[in-house]
Amino acid sequence: MHLTCNQEIVGSNPTGGLFLDGVNVMNIILIGPQGSGKGVLGRHLNSKYGFSPISSGDVLRQEMDKGTKLGKKIADIINKGNLFPDELTLELIDKKIRNARSGFILDGFPRNLNQAKLLESYLEKLDKKIDLVLLVDVPESVSLFRLAGRWQCKNFGEIYNTKTIPPKIHGICDKCGKALYQREDETEDAIKERLKIYHEKTEPLIKYYKEKGLLKVIDGSGTPKEVLKHAVDVIESLK
Ligand code: AP5
Ligand code: MG
């Protein structure tokens with residue numbers, strides 16, 4: 001498999017390839033149901049390899065928090081668990097993709113076939129490509145269990161869980177000491193809608209990327225450390 005390299009920040013290695021801290025720079029898509037741990041895995045891969053995690057959900061929520069007209073439109077849609085329009089979502093993450101000089105990890109985009117095709121032609125124009133699509137596989141029972149206990153930090157984006165990854169002090173971020181919050185799309189109805197959309201619109205991407213030879217499946221039901229190890233094993237196998 002050809003790995004995407006960024007010549008602005010990497011140097012030539014003795015075998016003629018390009019590397020960053022000994023690791024080829026990669027552009028990765030994470031696919032998985034709600035609560036499968038894409039956000040947590042993206043952050044851990046960032047710590048290990050420096051790939052920039054780009055969560056379309058986080059970008060939309062940041063816009064929502066600004067309280068702009070666009071933010072209000074986003075809130076109306078995503079708090080009910082529905083999808084924001086495809087082109088507008090890509091426009092919102094565009095800058096982050098352009099700025100990701102050491103590879104990126106797309107978490108939450110694409111989430112339907114139209115977005116996958118939009119992304120492809122968009123990346124082509126930037127002379128970038130996707131090297132790997134990781135499906136983080138968990139049973140629905142795990143998704144629901146994890147979503148019930150999720151608390152996040154707006155400051156650093158840390159993602160905690162009252163049952164599985166608790167902060168040292170309840171409701172407070174370990175890193176910045178600020179109060180944690182729960183997402184507004186964490187209601188029973190919105191979660192049901194998000195999972196329905198995942199099965200109907202996002203799951204077809206599994207076949208799409210499998211046919212392109214880009215898909216690898218990892219078990220997402222273990223501890224964060226175990227899940228990271230599965231992802232690292234796949235990444236290392238592509239070097
Ligand atoms: P988004 O923010 O992407 O949410 P989602 O798809 O619903 O996925 P989640 O963030 O719920 O799950 P995750 O897999 O990231 O789990 P996490 O790591 O947090 O999107 C939100 C909304 O924005 C969408 O519904 C849509 O409206 C809109 N949107 C976004 N992208 C869009 C797009 N492309 N087009 C249109 N609209 C779009 O983990 C979950 C919990 O489990 C946490 O508490 C965590 O601490 C815990 N946990 C994680 N891993 C482990 C582990 N290994 N062991 C134990 N606990 C774990
Ligand atoms: Mg997430």
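**Stop 1: a lysine in a loop**

Select lysine 128: this residue is buried, with a relative accessible area of 18% (buried means under 20% relative accessible area, exposed over 50%, and partly exposed in between, using a 1.4 Å probe and protein chains only). Before going on, some housekeeping: this is a predicted model, where local features need pLDDT of at least 70, side-chain atom pairs count only at pLDDT 80 or more, and totals for chains, interfaces and linings use all residues. Residues are numbered from 1 along each chain as its sequence is written, chains are lettered from A and ligands numbered from 1 in the order in which they are written, and side-chain values use heavy atoms, with hydrogens and water left out.

Back to lysine 128, which sits in the loop between H5 and E6. Those labels are DSSP runs numbered from the N terminus: helices (H or I) have at least four residues and strands (E) at least two. What does lysine 128 touch, not counting residues up to four places away in sequence? Show Asn27, Ile97, Arg98, Ala100, Phe104 and Leu123; touching, or contact, means heavy atoms within 4.5 Å.

Now pick aspartate 127, found in the loop between H5 and strand E6 (132-137). Is aspartate 127 buried or exposed? At 71% relative accessibility, it counts as exposed. Check its backbone too: aspartate 127 has a positive phi of about 60 degrees, although it is not a glycine.

**Stop 2: H4 against H5**

Next, colour H4 (86-99) and H5 (113-125). Two packed helices are described by the angle between their axes and the distance between the axes. H4 and H5 pack at an angle of about 40 degrees, with their axes 11 Å apart. Axes here are lines fitted to C-alpha atoms, for helices over the stretch in contact, and angles run from 0 to 180 degrees between N-to-C directions. H4 and H5 are therefore oblique to each other (angles under 35 degrees count as roughly parallel, over 145 as roughly antiparallel, 65 to 115 as roughly perpendicular and the rest as oblique).

H4 passes H5 in a right-handed crossing; right-handed means the near helix is turned clockwise from the far one by less than a right angle, and left-handed means anticlockwise. To see the contact, show Asp86, Glu87, Leu90, Asp94, Ile97 and Arg98 of H4 with Asn114, Gln115, Leu118, Leu119, Tyr122 and Leu123 of H5. These contact residues divide into six nonpolar, two polar and four charged (Ala, Val, Leu, Ile, Met, Phe, Trp, Tyr, Cys and Pro count as nonpolar, Asp, Glu, Lys and Arg as charged, and the others, Gly among them, as polar).

Slide along to proline 110, in the loop between E5 and H5. The peptide bond from phenylalanine 109 to proline 110 is cis, with omega near 0 degrees.

**Stop 3: the enclosed helix H2**

Select residues 56-65, which form helix H2. Seven of its ten residues are buried, so H2 is largely enclosed by the rest of the structure. The buried ones are Ser56, Gly57, Val59, Leu60, Arg61, Glu63 and Met64. Their cover includes strand E4 (52-55), helix H3 (69-78), helix H4 and strand E5 (104-107). Just after H2, glycine 67 takes a positive phi of about 70 degrees.

**Stop 4: a buried glutamine**

Go to glutamine 152 in strand E7 (residues 150-152). Glutamine 152 is buried, with a relative accessible area of 5%. Among the residues it touches are Asp58, Glu158 and Arg183.

**Stop 5: H1 against H9**

Now show helix H1 (residues 38-49) and helix H9 (residues 224-237), whose axes come within 10 Å and cross at roughly 60 degrees. H1 and H9 are therefore oblique to each other, and their crossing is right-handed. The contact includes Leu41 and Leu45 of H1, and Leu228 and Val232 of H9.

**Last stop: zoom out**

With the whole chain in view, you have nine helices and nine strands. Buried residues make up 48% of the 239 residues.
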